[in-house]
Amino acid sequence: MAQRAGVVVFPGTNCEHDVVEAFARLGVPAELVWHGARSLSGFDVVVLPGGFAHGDYLRPGAIARFSPVMSAVADFAAAGGPVVGICNGFQVLTEARLLPGALQKNKGLTFVCQVTELEVASDRSALTAGVEVGRRLRVPINHFEGNFTAAPEVLRALEDEGRVVLRYLDNPNGSAHDIAGVCNGLGNVVGLMPHPERATSELLGSTDGLVLLGALLASAGAPPAMVPA
Amino acid sequence: MYAVMWSEHCSYKSSRRHLRRLPTQGPEVLVGPGENAGVIDAGDGIAVAIRIESHNHPSAIEPYQGAATGVGGIIRDIFTMGARPVALMDPLRFGPPGDARNRWVATGVVSGISGYGNAVGVPTVGGELEFASCYAGNPLVNVLCCGLLPKDRLVFGRAGGEGNLAVLLGSTTGRDGIGGVSVLASAAFTDDVEAEAAKRPNVQVGDPYEEKRLIEATLELLDKHLVFGIQDLGGAGLTCATSETASRGGVGMDVDVDAVPLREPGLEPFEIMTSESQERMLAIVGPADLEAVTEVCRRWEVRATVVGRVTTTGRLRILKGWHGEVLADVPAASLHEDAPNYDRPMRRPAWLDERLADDPARLAPPTSPSELAEDLASLLADPAWAFRQYDHQLFLNTVVAPGADAAVLRLSAPGVRPSSGADVRGMALSTDGSPRWCALDPRAGTRLVVAESALNVACAGARPVALVNCLNFGNPEHPEVMWQLSEAIDGMAEACTALGIPVVGGNVSLYNESNGTDIDPTPVVGMLGLIDRLRPGVPTPAFVPGSRVVLLGPNGSGAVSLAGSRWAAERRGHLGGHLAALDLALHARLLALVAGLVDERLVDGVHDISDGGLGVALAEMMVKSGTGCRLGPVAGYAELFGEGPSRVLVSVPPAWLATVRERSSEAGVPATDLGVGGGDTLVIHGLLELSLADALSSWRGALSAQFSVR
């Protein structure tokens, strides 16, 4: 049962408190886990939140993949534990080879912060299990390097195996196949550029992010108990 | 050390005597001007810290780093007070974008704000973007930061306690930014390209990753009550931080230059003491707490080095080794407080009467409805080119994003959650300036700017509670500039006093001059408003099909003027005539009326009428909502483009029309029913028709054509 969520904090991460607040809204306590941690035991779900881990120096995620916590993340994932990387967390997961592909600079060569419309492309992931394929969600993006790319055979495999989890309806960054999120072969490791935690209350203009985070907590074993906003 | 501390930038030597005339007291003011930031009591045990600064000159020389380090500097001013920085605003003014160099500056500045602000983890929630020829050689890059703190975490930049240690936190000290405040910020630009390029090393280089760790480490130190006082290192570097903390605490300090961690070998002691290397703080720590401080810093990977000791002598001594040579020995307070206080000559500009007599009534009017529509469309510009490059959502606070009259945020931050109260509380922020109004009449123009800023936060349903100012002016050695500055301060004082809004902080940027030509006077204000119950569905600039379009405030020919208007400037290249008059008593009643209507949701759209006049306000409501409107007659182009204070457009559901009229009449504010929302065209009977499609293409294309977005 998902009773505890771990939210990994690298130096330079900045969305950790927002993810904790979003989980609290779904009734699940989340704890911050410093990047020096070597174990994730006791957690039912692990999130790598957005930000600029290690300043994004060299390239986003390139240094973070060497942080001690990443071996623990790999072990947690290998044991089937659900791991979600949001934005910078997605970049870290690709650098750590826990997810395929890479995220290059946006096609427009600027940072882009805006609300995007997404379509759920597969329910074969921990983040979308039980969510109707084709469902549309309004969730913001906030990145400079969110342009997903991969070798043609990798893209083909992602499509064939239902591992493209989310797609943009109006591609904001040049991503191949309009990809906004992908998962690994088992579906337990998911990366997405949009920020579901930023769409978790009416006050912020959308609660669609709760659909994804709720599905994640449910797939980790616990039916999410909605806490009124 | 005296050269940097007594520079115009650090000492306010030309402006100090004038700034005293501003009202700084108010029931909610916890900290007024003179500290690193102003602090307002927001209730519920929460306080708001707010400050605005300029980084004009560095940004002119090196746009990316100039703007980036401006962001870094203002953020440090906020967390120095114990506040978690939660919002940035960037009022930006550049030369016209048709010129390649102006585009280079604007692109670099916006990238710098984006690159630093996003990575350091503070959302940029609004600002301004204005283009005018007077800024071609000297752009204005102002930046406001706002932070939240539990009231009991408030801390000051002062030293005390003999034997306490001065601990330098953060980055190493290098040769960047030496003389930044004196060489750059306190001197004018010329057209000697080589000489200006040679100033590039005076611009600092920012590292947002270092600053992010410094924020977290500092807030943790303050949470654990491990520091006595703390001060950021900005202009004039260690000299400023050591002398100011000592002077404010009435103590002295010994500083060992050999203890300062250096970025490169061979720095001279004067370079170490005046370097403006970024991302550094000076914490005053009791010897018993040093180990705990070091431990917190180690975890955040922040360098912490003892570089000084508090003494009781009142003197700042710079030593080479604790027991080594005394390199300098001066009274700390003299650096901080004894700077000259100039009474510079002032003179009303000789050309002003001629300019005031140049009545815009002589301008050629638009000759046809289609020309009028073309004029209107040309005044539309979507600033999304800039703000979509800024993270404006972090911390889940942003309820109204950039692009409305004011940004609206939840009053909440990590570690600073409001106590019990059933209602979500909020704050509204707006920054405003108008060089055209202030060029014609700096006193009346500044009054109008304050009034407009207050109205912007009222349109978000907020009560304005405090103001910070960034006074951007030309060369103070020109008596005309000093007159403009003095008049602007008087105008600000008049408006703030009448509206009951205290000035809690500010910044003066002088020498904004290139090739001997001063910029138009540009006092920029940042307004903070509080919202007691923040609920979804805050009305924004929008028409709603079937809702009435009502103008609150004065209407008719006397209410507005084409003098200093955008239409006159941009369509006729004209700047002259007399501004419309401001009735501050009426304005105060309008503020309360509008905030109440918005709070009670008696309106479903609201927009302050400001630059560009009624026409631009209507067109903006159309493009932002995708809905047009159909209005009765408006007298003519002068009423459409004329600009005047205390005017707001509201969209009123028919069911509430009678209530809104009643409230307006109780408040003594005129209300004029102009027409009804709906359709896909802005129709003003007998005057003009502008289709949504044409307006959108002009609005969206205005900047993207110049700055190729995608």
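A: Helix H25 (residues 692-707) of chain B lies across strand S27 (681-684) and S28 of chain B. H25(B) runs at about 65° to S28(B). Helices (H or I, at least four residues) and strands (E, at least two) are DSSP runs, numbered from the N terminus. Angles run from 0 to 180 degrees between N-to-C directions, and axes are lines fitted to C-alpha atoms, for helices over the stretch in contact. The model is predicted: local features need pLDDT of at least 70, side-chain atom pairs need 80 or more, and totals for chains, interfaces and linings use all residues. Residues are numbered from 1 along each chain as its sequence is written, with chains lettered from A and ligands numbered from 1 in written order.

S27 and S28 belong to an open sheet of seven strands in chain B. The order is S23-S25-S22-S26-S24-S27-S28, and the pairing is mixed. Strands pair if DSSP finds at least two bridges between them. Strand S23 (605-608) and strand S28 (688-691) of chain B stand at the edges. Each has a single partner strand, so one side of each is left without a neighbour in the sheet. From one strand to the next, the twist averages 20°.

Look inside this sheet. Strand S22 (residues 548-552) of chain B pairs with strand S26 (residues 671-677) of chain B. The sense is antiparallel, and the pairing runs over five bridges. Val549(B) of this pairing stands opposite Gly675(B) in S26(B). In a regular strand, side chains alternate between the two faces of the sheet.

Chain B also holds a hairpin. Strand S12 (residues 315-320) and strand S13 (residues 325-331) of chain B pair in the antiparallel sense over six bridges. Arg315(B) has Pro331(B) in S13(B) as its bridge partner. Four residues lie between the strands of this hairpin. Gly321(B) takes a positive phi there, near 85°.

Next come the helix pairs. Two packed helices are described by the angle between their axes and the distance between the axes.

Take H19 (residues 479-499) and H21 (residues 584-599) of chain B. Their axes come within 9 Å and cross at roughly 50°. H19(B) and H21(B) are therefore oblique to each other. Under 35 degrees counts as roughly parallel, over 145 as roughly antiparallel, 65 to 115 as roughly perpendicular and the rest as oblique. H19(B) contributes Ala495(B), Ala498(B) and Leu499(B) to the contact, and H21(B) contributes Leu584(B), His587(B) and Ala588(B). Residues are in contact if their C-beta atoms, placed from the backbone, lie within 7 Å. By class, this contact has five nonpolar, one polar and no charged residues. Ala, Val, Leu, Ile, Met, Phe, Trp, Tyr, Cys and Pro count as nonpolar, Asp, Glu, Lys and Arg as charged, and the others, Gly among them, as polar. Gly500(B) follows H19(B), and its phi is positive, near 70°.

From H5(B) come Gly72(B), Ile75(B) and Phe79(B). They meet Pro208(B), Glu211(B), Ile215(B), Thr218(B) and Leu219(B) in H9(B). This contact has five nonpolar, two polar and one charged residues.

Ala217(B), Glu220(B) and Leu221(B) in H9(B) meet Val293(B), Val296(B) and Cys297(B) in H12(B). The residues divide into five nonpolar, no polar and one charged.

Across the interface, 26 residues of chain B are in contact with 25 residues of chain A. Helix H6 (100-120) and helix H9 (208-223) of chain B each supply at least two residues of the side that touches chain A. That side of chain B has 13 nonpolar, six polar and seven charged residues.

Chain A has an open sheet of nine strands. Its order is S2-S1-S3-S4-S11-S10-S9-S6-S7, with mixed pairing. Strand S2 (30-34) and strand S7 (136-143) of chain A stand at the edges. The twist averages 25° from one strand to the next.

Notes: Contact = placed C-beta atoms within 7 Å.
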